[in-house]
Amino acid sequence: MPPRGNEGYDFTPILTHYLFLFTTILAIAGWLTAFFSQIIATHRFGHGAVGVLWFSIFLQLFLIMGVLHTLASDSISMHRFQISTFGAIAVVFAVIGVNEGIFANDASLNAMSAGWLILSIVDILWVLYFTSEEDSLSLHIFNSMGTGGLTPPNRRRRTRGPSLHMGGNGYPSGGYASGGGIGPGDVPYDTKPASGMGVRSPGSIGGAGSITGNRSIGGGTGGAGSITGAPSGAGGDPGAASPLMNSNTAGVGAGGGLNSPERTSPGENAAGGEFSYKAKALYAYVASPDDPNEISFTKGEILDIVDKQGKWWQARKMDGTVGIAPSNYLQII
């Protein structure tokens, strides 16, 4: 699936989701019917026969364009409030448009009211969808018609900021040491495990240049910026008397610490547990190219799951591919 958001449009959600496909067709047909009928009615009876509906018709046009933009850019969580607000206002004007011509003895006014009736139905369906919570029955019913890979309404598209690089004093650069703190761009919107299956990639916790990279906390190279300071032996390992290397210490430097050298096998979770659950993919998901820990899967695919905790689950596909997957895209079976 091609990238969306600021990088381009993808109309797959509209073409593969029956709700949006039918409502888009109905909205365009209803708008054209109401628009041209209002032109004829204004020509025949003057401005008083249409009145405020000229404002309404262009409000409806902007609403339709906004919905198409939101779906094609997969930005529902960003625009759902605005669409719901303007959609509710458009419903009121649509009902006025229906009332203005439905009982008239003129074909142009009858056609105008028919167009507004179609638009009112479409507006109500859109408002119901964009105001639905992620686990609501209404959203489940709507998404049973297809999802097209849309991000759920309550989840923003994944955005990532730079990792917490360690400065020469052991603090995140630009962070506490300089009085800057951790800014909103320093962490992702969705909290994910730093390493899905023990794989440590650059830019994540445990990767080069991050918390447990070259300037690590308790172990590793023992270079400048680490707690252990200068290396005390070959390879930079702290001495045996160091409290950080005490086997009774459960903190940093001991087994299970931030820079533990032990890696988990692909069939185990971080605690050594086996894949004990199976889940079915409710929607298709495409892994982000910026995060090698994620995995892609198709709708209906069966995955092995380590546990059911958190928003990102450690999963394994039938072909043996291991990684992390968003929990709201999966259902335990």
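Y18, F22, I25, L137, I141 and M145 make a nonpolar surface patch of about 620 Å². Two elements, α2 (18-45) and α6 (137-143), each give two or more residues to the nonpolar patch. The largest share comes from α2, with three residues. Patch members have over 30% relative accessible area and no salt bridge, and nonpolar side chains (Val, Leu, Ile, Met, Phe, Trp, Tyr) are joined within 5 Å. A salt bridge here is a side-chain nitrogen of Lys or Arg within 4 Å of a carboxyl oxygen of Asp or Glu. Areas were computed by the Shrake-Rupley method with a 1.4 Å probe. M145 sits in the loop between α6 and β1. Its relative accessible area is 31%.

The model is predicted; local features need pLDDT of at least 70, and side-chain atom pairs count only at pLDDT 80 or more, whereas totals for chains, interfaces and linings use all residues. Residues are numbered from 1 along each chain as its sequence is written, and side-chain values use heavy atoms, without hydrogens and water.

Aromatic rings of Phe, Tyr and Trp (its six-membered ring) pair if their centres lie within 6.5 Å; planes under 30 degrees apart are stacked, over 60 edge-to-face, and the rest tilted. The count is 14 aromatic pairs. Y9 and F11 form a tilted pair, 6.2 Å centre to centre, with 35° between the planes. Y285 and Y329 pair edge-to-face at 5.2 Å, with 75° between the planes. Y285 lies in the loop between β1 (277-281) and β2 (302-305), and Y329 in the loop between β4 (322-326) and β5 (330-332), so the pair ties together parts 44 residues apart in sequence. Both Y285 and Y329 are buried (under 20% relative accessible area). W31, F35, F36, W54 and F58 form one aromatic cluster.

Definitions and conventions: Helix = DSSP H or I, 4+ residues; strand = E, 2+ residues; numbered from the N terminus. Buried < 20%, exposed > 50% of the residue type's maximum accessible area, 1.4 Å probe, protein only. Patch = residues over 30% accessible without salt bridge, like charges linked within 9 Å, V, L, I, M, F, W, Y side chains within 5 Å.
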